[in-house]
There are 2 protein chains.
Amino acid sequence: MKALMCVPNISEGRDMDVVEKVVATVKNAPGVMLLDYSSDADHNRSVISYIGSPDAMVAATKNLVSTAVELIDMSKHSGSHPRQGAVDVVPFIPVKGMEEAESVAIAREFGKWIGEEIKVPVYFYEDAAKTPDRVSLPKVRKGQYEALEEKLKDPFYLPDEGPCTFVPKTGSIQVCSRFPLVALNINLASTDLDMATRIAKSVRHINGGFRYVRGIGLALEEEGQVQVSMNLVHYEKTPIPMVMEAVKREAARYGVNVVKSELIGPVPIGAMGQVMSYYLQAHDFSLDQVLEAPLIGWSEE
Amino acid sequence: MKALMCVPNISEGRDMDVVEKVVATVKNAPGVMLLDYSSDADHNRSVISYIGSPDAMVAATKNLVSTAVELIDMSKHSGSHPRQGAVDVVPFIPVKGMEEAESVAIAREFGKWIGEEIKVPVYFYEDAAKTPDRVSLPKVRKGQYEALEEKLKDPFYLPDEGPCTFVPKTGSIQVCSRFPLVALNINLASTDLDMATRIAKSVRHINGGFRYVRGIGLALEEEGQVQVSMNLVHYEKTPIPMVMEAVKREAARYGVNVVKSELIGPVPIGAMGQVMSYYLQAHDFSLDQVLEAPLIGWSEE
């Protein structure tokens with residue numbers, strides 16, 4: 001069975017009546033399970049996450065986008081979080097039985113639908129990006145909604161789908177496919193922020209570390225510790241244990257121990273399987289062995 | 001939501017028509033999911049495993065027992081596996097949201113039902129045992145079906161439920177509650193079986209090791225290795241990482257490394273959670289964080 005996840009961010013986090021109406025489009029959609037939704041009034045933004053079979057997910061997400069576009073007026077929007085559209089981002093995340101390419105194809109097809117039906121500019125980013133310039137969402141969203149009208153006059157910002165036209169009520173919609181992200185923070189028994197930053201640099205991709213790791217050093221004043229705060233953006237290719245052990249070794253070079261680590265937010269069961277096989281040297285361990293696995297099957301009913 | 005598992009062993013592993021009829025009682029039972037069933041012609045025995053909400057599980061298991069008792073005639077049974085009844089064992093296993101006591105109560109109630117409705121002797125063993133003498137299944141089943149008629153004349157073998165009467169067609173039914181078992185084998189880079197046995201002894205309960213570990217040393221001739229083969233009978237109280245590290249340390253005393261380990265059969269997701277928090281020092285990791293967790297909810301539908 002295949003399971004796809006979708007985590008749209010909409011530009012409404014204050015009017016809960018609107019948020020509820022948008023959430024309702026996926027709440028009772030057949031073949032879809034609503035996982036979570038949360039609103040931030042300061043950001044004036046809501047994040048909705050749900051999971052299901054690919055076809056059911058696409059159908060439900062079309063309803064969500066149509067409803068949000070109808071109810072949200074970007075020309076009146078303010079909020080502290082960067083945004084460029086009423087539906088700001090639509091990330092598709094392959095969770096089970098799906099390759100990256102399949103999820104990318106779904107995201108691209110979905111963007112095409114937005115262009116044709118919603119008739120607003122669409123940008124593809126991350127794994128769905130069509131050029132390297134579009135991979136980074138901050139780059140795509142540079143200047144935000146307020147700059148969009150001008151950006152659309154620049155060939156560099158030609159939309160991937162939809163008209164090259166500024167639609168004040170809706171702005172542009174950013175669509176991507178990405179792998180489930182693992183947020184791993186490792187606390188060190190030290191107050192040396194420079195050291196934490198050096199360790200973050202040694203493991204993160206941009207400075208020569210692991211390909212799928214982003215990271216920074218942070219000071220935890222209250223705890224009297226420093227933290228290497230990381231996102232593992234492709235846990236299958238750069239697994240948690242490899243990163244954990246690398247940070248441990250780097251810290252040991254300074255005579256510093258790991259106090260604890262934190263996994264923030266959702267952790268795919270596949271990442272747990274890697275931790276099992278790595279530390280237990282259980283090279284043949286399979287997720288099919290998980291006692292509860294038969295209960296995880298996705299049902300179309 | 002609560003999930004209970006049941007793994008009855010029936011004394012028929014050759015006539016697949018009978019096996020299929022018995023399996024059918026749980027296959028389509030509402031609120032129950034058939035996980036697996038397998039038959040062994042040499043043992044002349046089949047193992048059926050299914051999971052579901054406690055009420056649904058009890059109802060389905062009553063049907064399974066009634067059907068098996070009707071179709072299997074112990075007076076004609078032969079097979080290499082020890083057995084004492086047409087339905088030889090009925091183990092209930094708490095998997096989710098259930099305490100041991102609740103599962104024991106269900107097993108005891110189920111044994112009472114067998115006594116009253118099936119009218120054969122019932123023995124409770126493992127966590128459902130009413131006396132220490134009955135905890136061990138091999139002790140309860142000593143001499144097997146062939147000895148049962150004589151055993152029933154001995155007050156030591158007075159059944160826990162049902163009549164103290166030998167019913168040749170059915171024998172006795174053994175009912176238990178037990179925690180999900182984790183089978184962990186650790187292979188060592190050595191051919192010294194004595195050493196493997198000493199390590200097994202140092203970690204197993206009977207010789208002073210961990211309370212919930214049973215284990216032996218084995219020679220793996222083909223691999224040129226020895227193995228510490230263990231059952232962890234209560235992974236929550238004696239977790240996998242603690243046993244893994246103890247075996248590693250003991251082997252290191254002999255200058256021997258772990259080559260690999262094997263987890264055989266089902267592994268509860270709770271045991272995976274322990275491995276995560278132990279090796280990643282992620283003390284606050286919760287199974288609620290598992291991305292797929294919302295899909296594991298057990299539905300009564």
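## Helix 3 of chain B

Ten names make up the buried side of this predicted model's helix 3 in chain B: B:S103, B:V104, B:I106, B:A107, B:F110, B:G111, B:W113, B:I114, B:G115 and B:I118. Buried here means under 20% relative accessible area, with exposed being over 50% and partly exposed in between (1.4 Å probe, protein chains only). Helices (H or I, at least four residues) and strands (E, at least two) are DSSP runs, numbered from the N terminus. Among the elements covering these residues are strand 1 (3–6), helix 2 (54–71), strand 5 (87–96), strand 6 (122–126) and strand 7 (173–177) of chain B, where contact means heavy atoms within 4.5 Å.

## A four-stranded sheet

Further along chain B, four strands make an open, antiparallel sheet in the order 9-10-8-11; two strands pair if DSSP finds at least two bridges between them. Strand 9 (213–220) and strand 11 (258–264) of chain B sit at the edges, each pairing on one side only. On average, neighbouring strands are turned by 20 degrees against each other, direction ignored.

Helix 6 (residues 193–203) of chain B packs on this sheet, touching strands 8, 9 and 10, and its direction makes about 170 degrees with that of strand 9. Axes are lines fitted to C-alpha atoms, for helices over the stretch in contact, and angles run from 0 to 180 degrees between N-to-C directions. Helix 7 (residues 240–253) of chain B lies across strands 8, 9, 10 and 11, at about 20 degrees to strand 8.

## Where the chains meet

Between chains B and A, 40 residues of chain B contact 40 residues of chain A. One salt bridge joins A:D284 and B:K260, with the closest N and O atoms 3.3 Å apart; the term covers a side-chain nitrogen of Lys or Arg within 4 Å of a carboxyl oxygen of Asp or Glu.

B:Q281 lies in the segment after helix 8 (269–279) of chain B and counts as buried because its relative accessibility is 18%. Its contacts include A:M244, A:K248 and B:M276.

## Notes on the model

Residues are numbered from 1 along each chain as its sequence is written, and chains are lettered from A and ligands numbered from 1 in the order in which they are written. In this predicted model, local features need pLDDT of at least 70, side-chain atom pairs count only at pLDDT 80 or more, and totals for chains, interfaces and linings use all residues, while side-chain values use heavy atoms, leaving out hydrogens and water.

Notes:
Lists of a residue's contacts leave out its neighbours within four places in sequence.
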